[in-house]
Amino acid sequence: MQTLFTPDQLKDPAISISNDILRNCVHCGFCTATCPTYVLLGDELDSPRGRIYLIKNMLEGGKPATEKVVKHIDRCLTCLSCMTTCPSGVDYMHLVDHARNHIEKTYTRPLGDRLLRAILALIVPNPKLFRLALWGARLGQPFRALMPGRLKGMVDMAPARIHGPVAVDRPQIFPAEGKKRMRVALMTGCAQKVLRPAINEATVRLLNRHGCDVVIVSRDGCCGALVQHMGKEEAARQAARTNIAAWMGEVDGAGLDAIVINASGCGTTVKDYGHMLAEDAVWADRAKHIAGLTRDVSEVMCDLGIGPGKLASYPVVAYHSACSMQHGQKLIDGPKQLLRDAGFDVRDPAEGHLCCGSAGTYNMLQPALAERLKNRKVINLEDQNPDVIASGNIGCLVQISDGTNIPVVHTVELLDWASGGPKPAGLD
Ligand code: SF4
Ligand code: SF4
């Protein structure tokens with residue numbers, strides 16, 4: 001694609017990077033077929049190619065974002081399915097990040113939208129506030145039918161049981177069982193430890209059982225993805241710096257073989273810290289080092305090997321590959337192979353490349369589209385007649401659980417159970 005940025009514009013590193021990305025696009029349109037919003041809406045401007053044109057015109061003109069641009073960029077799930085499909089390697093993720101930051105700086109959203117985004121950016125990354133908000137949402141559930149779509153999305157997120165803090169939330173070291181093979185830090189996250197603390201507990205048990213010392217550091221927090229996807233670039237960078245500082249304490253101390261992440265949305269973001277802080281003279285090298293150490297829990301377990309499980313009988317598992325897992329991190333077969341090695345009968349649903357509609361806060365900001373994607377995903381998963389649905393990202397677990405009576409669990413909960421841990425809640 002030809003671009004017309006001026007030499008002065010290209011002095012801005014962000015414009016220079018976007019210029020290179022835009023020039024890789026050859027307008028072929030292959031990406032449209034696998035874009036969930038284009039599949040649903042059939043509008044070129046809700047396809048990757050259409051959005052790329054909108055972004056190009058907005059950035060080239062150096063103009064404030066228009067309502068039309070904001071509408072179509074807001075509808076993008078950042079699922080990155082287009083990046084998997086694109087034969088030219090167009091880096092849509094960093095292009096849309098730049099566009100969202102430009103929108104945040106130049107466009108004044110309606111008051112309600114601004115308020116909702118500010119509340120989500122404040123509450124979701126803060127476990128104490130998020131826990132309080134979920135209690136509020138539980139109280140609001142009887143009035144759900146009277147609420148507008150966006151509020152419905154928020155009250156739907158409240159789980160049947162709201163958990164208090166658990167032991168794995170506190171800084172400590174969980175020692176390896178038997179011979180030590182690795183020393184890893186587990187990112188305990190923000191929303192996940194409130195919504196489903198059992199995932200971190202299962203992860204620690206699984207890693208300990210397979211020879212890992214698991215370190216929970218103090219002062220790590222939200223990965224920054226939530227604010228990054230809202231265009232709040234500096235807030236995302238600050239979240240990254242906080243985490244890097246927390247983990248570097250261990251790297252420079254007793255050392256770490258890996259930083260393990262069990263929410264693939266967070267993993268995609270932390271693996272990108274090197275890019276996020278590339279222009280930061282103080283943090284760039286450390287960011288690159290931390291990004292290089294970061295691995296999804298399934299990657300670590302593939303290296304360690306799971307071996308045959310100990311269950312008398314195994315449920316049929318429909319595996320939902322989160323977009324951040326398959327498109328963001330390109331981890332496709334590993335999680336399924338681990339489940340199969342442990343003894344589970346794993347089924348792949350149709351349209352596995354399509355997003356479930358969770359996409360961070362998308363189900364609250366774009367509830368109508370998110371609902372359609374959720375229903376479509378649930379139909380495809382239920383078609384496999386599974387006893388349980390498994391995925392590696394908390395957002396997907398919450399979103400899919402909302403549409404089905406089949407239990408939905410994290411992949412590590414099944415691996416932990418098969419290798420000697422407790423049966424995941426809901427499987428009885
Ligand atoms: S990230 Fe997903 S929703 Fe956005 S343009 Fe790409 S495929 Fe479409
Ligand atoms: S598939 Fe890639 S090169 Fe083709 S239109 Fe989409 S982004 Fe551009």
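This is a predicted model: local features need pLDDT of at least 70, side-chain atom pairs count only at pLDDT 80 or more; totals for chains, interfaces and linings use all residues.

**Notes on the sheet, the cores and the ligand shells**

1. Strand 6 (residues 316–319) pairs with strand 8 in the parallel sense, over 3 bridges. Tyr-319 stands opposite Ala-390 of strand 8.

2. Helix 23 deserves a view of its own. Of its 8 residues (394–401), 7 are buried, so helix 23 is largely enclosed by the rest of the structure. The buried residues are Ile-394, Gly-395, Cys-396, Leu-397, Val-398, Gln-399 and Ile-400.

3. What covers helix 23? The cover over its buried residues includes two strands already mentioned, strand 8 (388–391) and strand 9 (408–410). It also includes helix 11 (191–195), helix 12 (198–209), helix 21 (362–365) and helix 22 (367–382).

4. Now the packing. The largest nonpolar core holds 100 residues. Leu-207, Tyr-273, Phe-344 and Leu-414 have the most contacts inside it. Helix 14 (residues 233–252) supplies the largest share of this core, 7 residues. Apart from this core lies another, of 25 residues, including Cys-31, Leu-59, Cys-76 and Val-96. As background, nonpolar side chains tend to be buried together in soluble globular proteins.

5. Leaving out residues up to four places away in sequence, Leu-414 touches Val-317, Leu-339, Phe-344, Val-388, Ala-390, Val-409, Pro-424 and Leu-427.

6. Ligand 1 comes next. Its surroundings are Cys-35, Pro-36, Pro-48, Arg-51, Cys-76, Leu-77, Thr-78, Cys-79, Leu-80, Ser-81, Cys-82 and Tyr-92. Helix 4 (48–61) and helix 6 (81–85) are the elements giving two or more residues to this shell. By class, the shell has 9 nonpolar, 2 polar and 1 charged residues. Cys-76 is also among the residues of the 25-residue core.

7. Ligand 2 has 13 residues around it. Which of them come nearest? They are Cys-25, Cys-28, Gly-29, Cys-31 and Cys-86. This shell divides into 9 nonpolar, 3 polar and 1 charged. Cys-31, like Cys-76, belongs to the core of 25 residues.

Technical notes:
Residues are numbered from 1 along each chain as its sequence is written. Chains are lettered from A and ligands numbered from 1 in the order in which they are written. Side-chain values use heavy atoms; hydrogens and water are left out. A nonpolar core is a set of buried Ala, Val, Leu, Ile, Met, Phe, Trp, Tyr and Cys residues joined through side-chain atoms within 4.5 Å. Buried means under 20% relative accessible area, exposed over 50%, partly exposed in between (1.4 Å probe, protein chains only). Helices (H or I, at least four residues) and strands (E, at least two) are DSSP runs, numbered from the N terminus. Contact means heavy atoms within 4.5 Å. A residue is near a molecule or strand if one of its heavy atoms lies within 4 Å of it. Ala, Val, Leu, Ile, Met, Phe, Trp, Tyr, Cys and Pro count as nonpolar, Asp, Glu, Lys and Arg as charged, and the others, Gly among them, as polar. Two strands pair if DSSP finds at least two bridges between them.
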